[in-house]
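Subject: Structure handover

Hello,

Here is the structure you are taking over. My notes follow below it.

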Amino acid sequence: MTSKETSMEVQEQHNTIHWFRKGLRLHDNPSLLHALRTSRHVYPVYVVDSDWMKEYKIHCGANQWRFAIQCLQDLDAQLRMYGLRLFVVRGSAIDFFREHFPKWKITQLTHDVDTEHYHRFRDAAVRKLAGDMGVDVVNYVAHTLYNIDKIIEYNGGSAPLTYRKFQRVLNEFGKPPEESEPATAEHFANCSLPPEALQDDEYNMITLEELGLRCEYPAKFVGGETEGLRRLERHLEDQGWITTFEQPRTVPTSLLPSTTGLSPYFNFGCLSVRYFYHRLDKIYAKAKDHSLPPVSLQGQLLWREFFYVAAAQTPNFVVMTGNPICLQIPWYENKEHLRRWRYGETGFPWIDAIMSQLQKEGWIHHLARHAVACFLTRG
């Protein structure tokens, strides 16, 4: 999906801002490829807007911020290998673009498609600003398997809110589109940054200290495309495990993931979900038998897609209040009970062990997640 129908093979000479959001990677990043193929100068930008996050109740703890910063550091290191860098912006995206479209003589803005309501509101405002300032906007679908809007359109203009309905729609769509080629030295060869931009200290990497956060324990998951691809390849080597994987048959008491542990890499876009899906497809094609959706590894990717489709049409999808498909429950408030649950001080060893692990490591098994959620909401 593009705001301007432009072939990825056209050679133009834009000054382009590529706005990294979730697609923090060089592989399967068609919006980035478009920027590299059509531009003389490419300014890679990532925006940290704390006020926007608060407005839309986007919460991020220390472990998650550490992972995000590691993703940005890995991306920045890869860009610098090709003569570019990542500009990490603090504050409003709108304000930054309003100032830097003319300052950098920008003629094109590229970015991935985001589908959640709060992203759509922000992106509409950015598109209007760009249009008013004569900047072309080009974007492609890459964070999801399919074009979410087309799924909703095919379903009569509403999101399919049961997995069975969702599967019926996907049966008509067939397999997801193939991933795009990775960005390589050849793609970067004709792009550069002015020397003063490369040396601009104003947009250096953000730190945990700057955010007022600290992590006391080593990272169980190191962020970034490099680490994500390494983990993915390690899993794909065990083709027997890949073909027999079934989501319910995992170990909730394990201190290490008995699933892939790749979800944070997909969430931040360090890994392409389409790339993983089609790598699995090739392994399945060689196997005499393999597990099937919804319990197979491909099935887990389809569950992810199902929830992205639901979220695309549901305001306040991640909270109860104002969420039209969420049961509105009159919860009682007990701040002390909530504090004890949050910090693993309930007196129930299993629950406290899970919450302690979550606080320290930022990860718990999905069945452990169910356990602490049920304890909090049902007692």
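**Helix H10 and its cover**

Helix H3 (62-81), helix H11 (239-244), helix H12 (263-267) and helix H13 (273-286) are among what covers the buried residues of H10. Helices are DSSP runs of H or I, at least four residues, numbered from the N terminus. Buried means under 20% relative accessible area, exposed over 50%, partly exposed in between (1.4 Å probe, protein chains only). The buried residues of H10 are Glu225, Glu227, Gly228, Arg231, Leu232, His235 and Leu236.

This is a predicted model: local features need pLDDT of at least 70, side-chain atom pairs count only at pLDDT 80 or more, and totals for chains, interfaces and linings use all residues. Residues are numbered from 1 along each chain as its sequence is written, and side-chain values use heavy atoms, without hydrogens and water.

**Cysteines**

How many disulfides does a search of the whole structure find? It finds 0, a disulfide being a pair of cysteine sulfur atoms within 2.5 Å. Cysteine 60 is in none; the nearest cysteine sulfur, that of cysteine 215, is 10 Å away. Cysteine 60 is partly exposed, at 22% relative accessible area. The sulfur of cysteine 71 lies 3.2 Å from the closest cysteine sulfur, in cysteine 270, which is too far for a bond. Cysteine 71 is buried, at 1%.

**H16 and H17**

Contact means heavy atoms within 4.5 Å. Helix H16 (residues 349-361) and helix H17 (residues 366-378) pack with their axes 10 Å apart, at an angle of about 115 degrees. Axes are lines fitted to C-alpha atoms, for helices over the stretch in contact, and angles run from 0 to 180 degrees between N-to-C directions. Trp350, Ile351, Ile354 and Met355 of H16 meet Ala368, Ala371, Val372 and Phe375 of H17 in the contact.

Best wishes

Terms used: Helix = DSSP H or I, 4+ residues; strand = E, 2+ residues; numbered from the N terminus.
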